[in-house]
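Work through the exercises below with the model open. Each task is followed by a solution in steps.

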Amino acid sequence: MAAPFFAAIAAGLLSSWLVGHQWIAAVLLVLWLGRVVRLRDRRCIVLTGIVTVATGGWLSWKNANFKAITAQSPVETTVTVSVQPDAVTTRGGRYQLIGTSATAGKLILAGRLASASEQVALSRLDTRTVWRVQGRLGPVAPPTNPGQFDAPSYYRSQGILQQVAITRVIDRQARSQSGWRGVLDKLHTWRQHFVQHAAALPPTLRLYATSLLVGMRPANFHTTMAGVQQLGLLHLFSLSGMHVILFLGLLRWGLIRLHLSRTAVDWWLLSFYRSIWCSVVGPIVYNGRS
């Protein structure tokens, strides 16, 4: 288990350096690689070296792709995107979607609500929909003032590099999928149903429920979090990390009882924990501090 552990830590430090631009991570990476060499374990050195080189090459390619996209100028275009029901949010007179296009990948789409009835209709969506929209496609807008929220970096962690300012919705249809994709659609539907039922809760309790249990942030998240920080209750949100550890511990116990090797279980849980952090816990903590 020592070799995968050292390789995983090296990959994490390399990611913090190349993607997060945290120079302290570069220093720690050098120290960590030095520690690996001093172990004089051939298997550990080889595995850590392969993982570090492969991760560095992949992240460098991703950085180059990110720079190329951010340098592009916005263009008028028509795109077709697949949108899950829990990826639709409304706030004031605007709405925002996170969808996937076959040509442009994962996108943020934003537009203006035509009426109050449209807002109600969007809030009641509980199935996967396919949108065909016309708008202005370009990179995610960077911050314009020092200390402002860095949207490109934040959305990049979610695999989103571009956004569309919708000028016209050409078509919107509900479409179900079959096979394992249908199972994923069902999970998104259950998540959206939970959010819809949570709307009947008191405002603060609704915020806790949707943020901690399903990782969704209501439109008033930042406003309410300011009050939570003043009351000294921000530590409540860190409990989500404890929930993850307890869940992973129970999952590890169950997988070992199924006679899977401990090495295979640990490798799988490392990847699973990273996906949970990036999609649920990380956004909650990050936005709670902003």
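Buried means under 20% relative accessible area, exposed means over 50%, and partly exposed lies in between. The model is predicted.

**Exercise 1.** Classify Phe-5 and Phe-6 by accessibility, then describe their ring pair.

*Solution.* Step 1: Phe-5 has a relative accessible area of 41%, so it is partly exposed. Step 2: Phe-6 is at 11% relative accessibility and therefore counts as buried. Step 3: the structure holds five aromatic pairs. One of them joins Phe-5 and Phe-6, with 5.7 Å from centre to centre and 85 degrees between the planes, an edge-to-face arrangement. Step 4: ring pairs also bring in Trp-32, giving a cluster of Phe-5, Phe-6 and Trp-32.

**Exercise 2.** Determine how helix H1 (residues 2-18) lies against helix H3 (residues 42-70).

*Solution.* Step 1: the two axes come within 8 Å and cross at roughly 25 degrees. Step 2: angles under 35 degrees count as roughly parallel, so H1 is roughly parallel to H3. Step 3: the crossing of H1 past H3 is right-handed. Step 4: the residues in contact include Phe-6, Ala-10 and Leu-14 of H1 and Leu-47, Val-51 and Leu-59 of H3. Step 5: sorted by class, the H1 contact with H3 has 13 nonpolar, seven polar and one charged residues.

Notes: Residues numbered from 1 in each chain as written. Predicted model: local features only at pLDDT ≥ 70, side-chain atom pairs only at ≥ 80, totals over all residues. Heavy atoms only, no water. Axes fitted to C-alpha atoms, helices over the stretch in contact; angles between N-to-C directions. Helix = DSSP H or I, 4+ residues; strand = E, 2+ residues; numbered from the N terminus. Parallel < 35°, antiparallel > 145°, perpendicular 65-115°, else oblique. Left-handed = near helix turned anticlockwise from the far one by under 90°. Contact = heavy atoms within 4.5 Å. Nonpolar A, V, L, I, M, F, W, Y, C, P; charged D, E, K, R; others polar. Phe/Tyr/Trp six-rings, centres within 6.5 Å; stacked < 30°, edge-to-face > 60°. Buried < 20%, exposed > 50% of the residue type's maximum accessible area, 1.4 Å probe, protein only.
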